[in-house]
Amino acid sequence: MHSHIEDYALIGDHQTAALVSRHGSIDWLCLPRFDSAACFAALLGDEENGHWRMAPKGAQACTRRAYRRDSLVLDTEWETDEGAVRVTDLMPQRDRAPDVVRIVEGLSGRVTMRSTLRLRFDYGSVVPWMRRSDGHRVAVAGPDAVWLRSEPRVRSWGEDRATYAEFTVEQGEKVAFVLTWHPSHEPRPRLVDPYEALRSSLHDWRAWAGHCRYDGPHRDAVVRSLITLKALTYAPTGGIVAAATTSLPEEIGGVRNWDYRHCWLRDSSLVLGALLSCGYQAEAEAWRDWLLRAVAGDPADLQIMYGLAGERRIPEYELPWLSGYEDSRPVRVGNDAVHQLQLDVYGEVMDSLFVSRRSGLPGRPDMWQMQCALMEFLRSAWRKPDEGLWEVRGPRRHFTHSKVMTWVAVDRAVRTLEDDPELSGDLDGWRALRDEIHREVCERGYDADRNTFTQSYGSRELDAALLLIPRMGFLPPDDPRVIGTVDAIREELCHEGFVRRYSTDRLTAATTSVDGLPGGEATFVVCSFWLADALHMTGRTAEAHEMFERLVGLVNDVGLLAEEYDPVAGRQLGNFPQAFSHVGLVGTALALFDGKEAG
């Protein structure tokens, strides 16, 4: 039986990440990068698809678990009839090769522990050849090699295509395990001291968390969200993945299962603002620089997402041998949405670079020239229909949010020139274009009878992205059309106190919703934070506080959020942990308690 999504914790080394269940099992790990093939894929299949469990013999879920203060070091404890034991899990920042460190410590009594290791390379499909070498267990298959050792050595054996170890620990005794990956054609990397790795990891994480400038209510939740964003950052390039997983479902048993181990431009301005507001200028600059490298080239070729290093090709395919999380098929790798036209990304890129300039981040050569090229492309492209922010796989539409974000792009170009008259640009032409887009959106994207903006021109559907209209500066918060839109979204898209992205209830002739897909989805966590922001901006701060408290209450026992929440089942759904959700938490906390704009 699968663990619930919220039953997982995250460990990582700034280049990849693992999910650890309350049963002490690592059920997801991709090596050596976030987007590499998984060697533990039980999360999307079963134990035969790879996992590593470390727990007392015969025990089930742990008694308690927690991250050590201001770190990504996880402690999981069991109390048994024999005594109590703690397993400490971490992935130290790597020198060259990735390591997983698991330290078992006896707390009381005398506890028998069992380690069960099933390595399955290539997303659970390849069983490696195992051998012993100098006290290590060595697994090799194709390009992958893994070395496992323990300090001190404990009895281990192979059985049923798995490696087992069994040992006892008394109070104060420790046994450390280190699993190291490397390309199979290279020699074994240098050995890592597990205890020094623990000390340095705690020091590094706490030093980083100590830079956080936020000191308001729910500081622990804000710091945990920032640590999660840092953990989802690919350190060599500064790119931030949307989540650590692929194909965790938006609906149990459904087909809305996507690969989020890539970097989305839609996250750019919100992530940048959150990092800068909380004091993380180096991370913000690295993210900005990743953005500039990724989008370089012909503006017509701008993509909605890129790989960790800015790769453009992210082909989507299915893994039929994996049964999916709770039989939610298919399991997908890659993401075909990379080919979509989403006009909102131009606004997000321009807004990010505008924010970076105003915050004092150092400029980069040709940055303004690239922005001017984007503006030239938008002169005509803004009129096109697109797939919109939510990457619908149905027909293109004139999505209102997309048009608003093209307005944002032009507005930020105008304001950049107004801030720095020495820059060259078509100020008069851009002002006229800004006014033209604004007029059209207010005429064609607004339903006067209902006093609300709509999802697309001429439709009656709503879209939670419309909550961003006042924050993006398209209209002031006290505009009756803004207030009407907020009220309409509360009325039509709220479900049990949380917000859906859009309605999936109204079906087309092909029995699919507006997004071209069958089935439905749960409430969307970041959209609920956007509603809290909009309530605050429109003068309903007490209601915004109430909404924020409900949302903070959704984090799991170690402070993590998935993409969606099912309020009826009381479960988190979608990929996990989700950067967008944690950015929403940080942004709303800043807006409510720190006097800064959300995001």
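Start with the charges: select Lys and Arg in one color, Asp and Glu in another. In this predicted model, the protein chain carries 69 positive and 90 negative charges, and their mean positions lie 4 Å apart.

Next, switch to the cartoon view of the protein chain. You'll be looking at 13 helices and 28 strands. The radius of gyration is 25 Å, close to the 25 Å that the globule rule gives for 599 residues, so the chain is as compact as a globular protein of that length.

Time to go inside. Which residues have the most contacts inside the largest nonpolar core? Select Trp52 and Trp530: they hold that spot in a core of 191 residues. Stay on Trp530 and show what surrounds it. Leaving out residues up to four places away in sequence, Trp530 touches Leu270, Leu389, Trp390, Ala464, Ala465, Leu467, Leu468, Arg471 and Phe580.

Then select Val73, Ala176, Val192 and Ala197, which are among the ten residues of a second, separate core.

For a last stop, color the chain by residue number and look at what meets what. Of the contacts between residues at least 6 apart in sequence, 66% join residues at least 24 apart.

Methods: Residues are numbered from 1 along each chain as its sequence is written. This is a predicted model: local features need pLDDT of at least 70, side-chain atom pairs count only at pLDDT 80 or more; totals for chains, interfaces and linings use all residues. Side-chain values use heavy atoms; hydrogens and water are left out. Helices (H or I, at least four residues) and strands (E, at least two) are DSSP runs, numbered from the N terminus. The radius of gyration is taken over C-alpha atoms; the globule rule is 2.2 Å times the number of residues to the power 0.38. Contact means heavy atoms within 4.5 Å. Lys and Arg count as positive and Asp and Glu as negative; His and the chain ends are not counted. The place of a charge is taken as NZ of Lys, CZ of Arg, CG of Asp or CD of Glu. A nonpolar core is a set of buried Ala, Val, Leu, Ile, Met, Phe, Trp, Tyr and Cys residues joined through side-chain atoms within 4.5 Å. Buried means under 20% relative accessible area, exposed over 50%, partly exposed in between (1.4 Å probe, protein chains only).
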